[in-house]
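Please keep the sequence and the coordinates at hand while reading.

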Amino acid sequence: MRIAIGGISNENTTFSPIFNRLDDFTIWSDDALLASGRYPFLGQLPYVEFIPTLFGRSLPGGPVENGAYQIMKAGILARLRAAGPLDGVYLDLHGAMFVEGMNDAEADLAAAVRQIVGPDAIIAASMDLHGNVSQAYVDQIDIITCYRTAPHRDMVETRQRACELLVQAIESGVRPQIALTPIPVLLVGENTRTDVQPGARLWGSLPARDETPGVLHTALFVGFAWVDEESAHGAAVVTGTDAQQIRRVADELGQDYFDARHEFNFGVESGGVDECIQIAIAAPEQPVFLSDSGDNVTAGAVGDIPLFVERLLAHGAANALVVGLWDAEAVAACQAAGEGQMVETTLGGKVDTQHGTPLPVRGSVQKLVDAGDGNPQAVLQVAGVTVVITTLRQSFTLLTDFANAGVDPLDYKIVVVKLGYLFPELMPIAAKWLMTLSHGATDLDLAHLPYQQIKRPMFPADTEFTWSPAANHLATF
């Protein structure tokens, strides 16, 4: 059995002023892909020859430069051509890729793969539940799986499930089918966590739905709200061998999601920037984490808005940490001054000029970090606020990210991260957590975003409308 592996995993917002360029991607190809550690389960399928092509991924950002996408796509296709006859292809995707000048990049890639491998090969894809799914994409794929946790904890399991279902389909000789039910609901990921209700109930129902005769896998997609294209919406996607059953299950799941739309919430206390800072200062707990949700780099925002530094200083915060402020010029200024020295510089506001302006500061350079990874960092103390400044955009989602910068979040009363919801390693150490409704490319108030292409009506942009899969299916949605 011969199965090729490859893909492009990227999450891109059309509301960000930066582009994801080829240099922003980490790319594995050929034997390096199999050795990357991304697929530790392949050894459990020893009778399968997995043929690596190319896989690229980068930190979420603005649209992918068209030329970068074409180079990665060409690398995948060339290796598929060289591979010869294949029984199947496993596409490792995110699902929210937006390429400059294109619409529905995943559908474009899947169609190109299908053209090379032919109609008989079975194609399986794994995706993030924040991916957007179109009928054009589904038409090229035979099996789709997606994460069932947000914050994400089942990434490897989802990739493994895709490969196992692909092998199962090849062995059985029965080609799976996919039923897609688009749902006119477009919510941000911070509203649709799977560890609080109603997400816990909806995603928790999927294993039982998988047991339906003729159903192989049930997927519920939130979609990606910060991209303006027609495929941005929720979706119930069911893979199986019985066309009537998968259609029924997809429609039932879609209706359940739509009916729960008013129940979704942040699952945590929220408020404006000044309000949350005041709550954090007054709280007896430590550390209090504040999510700078509008400048969330894990969803594609720039990460250079200095608003929190400015407002913490204005409130006289005495022991606050702001991590992951992107400003290469400020890092260079700190390097020129040297550790232990005072420096006058400006922080942020140099890229996302719509939402931030450079903040003049005078502070002490506490630490300079150069791990040889092209991302030197500086730790700058400005009054009672410690700022970790980075040369490259970086998300502080792991405790090692803090440790590498020489700071311990447990030492601070307030910790500001440029995230939406806290990632699994941070949530347990947060004595208190506040979702701060800041502005930026990933604004949680979608009314601030200039949508032009999404289909209407769409909740919550439109609130008063009825919908059912039976009455308003693919042709009219």
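The points below are grouped by topic.

The model is predicted, so local features need pLDDT of at least 70 and side-chain atom pairs count only at pLDDT 80 or more, while totals for chains, interfaces and linings use all residues. Residues are numbered from 1 along each chain as its sequence is written, and side-chain values use heavy atoms, with hydrogens and water left out. Helices (H or I, at least four residues) and strands (E, at least two) are DSSP runs, numbered from the N terminus.

**Helix pair H9 and H10**

- Helix H9 (residues 273-282) and helix H10 (residues 307-314) have axes that come within 10 Å and cross at roughly 50 degrees; axes are lines fitted to C-alpha atoms, for helices over the stretch in contact, and angles run from 0 to 180 degrees between N-to-C directions.
- H9 is therefore oblique to H10, given that angles under 35 degrees count as roughly parallel, over 145 as roughly antiparallel, 65 to 115 as roughly perpendicular and the rest as oblique.
- The crossing of H9 and H10 is right-handed, meaning that the near helix is turned clockwise from the far one by less than a right angle.
- Val273, Asp274 and Ile277 of H9 make the contact (heavy atoms within 4.5 Å) with Leu307, Phe308, Arg311 and Leu312 of H10.
- Five of the residues in this contact are nonpolar (Ala, Val, Leu, Ile, Met, Phe, Trp, Tyr, Cys and Pro), two are charged (Asp, Glu, Lys and Arg) and none is polar (the others, Gly among them).

**Buried side of H9**

- Val273, Cys276, Ile277 and Ala280 of H9 are buried, that is, under 20% relative accessible area with a 1.4 Å probe and protein chains only.
- These residues lie on the same side of H9 because they cover an arc of only 100 degrees around the axis, the arc being that of the directions from the helix axis to the C-beta atoms.
- The packing partners of the buried H9 residues are H10 and the strands E10 (270-271), E11 (288-292), E17 (414-417) and E18 (432-436).

**Cis peptide bonds**

- Gln286 and Pro287 are joined by a cis peptide bond with omega about -5 degrees, and Pro287 is in the loop between H9 and E11.
- Arg456 to Pro457 is also a cis peptide bond, with omega near 5 degrees; Pro457 is in the segment after E18.

- Asp30, in the loop between strand E2 (26-29) and helix H1 (31-34), has a positive phi near 55 degrees.
- Ala383, in the loop between strand E15 (377-382) and strand E16 (385-390), has a positive phi near 55 degrees.
- Ala383 is exposed (over 50%), with a relative accessible area of 64%.
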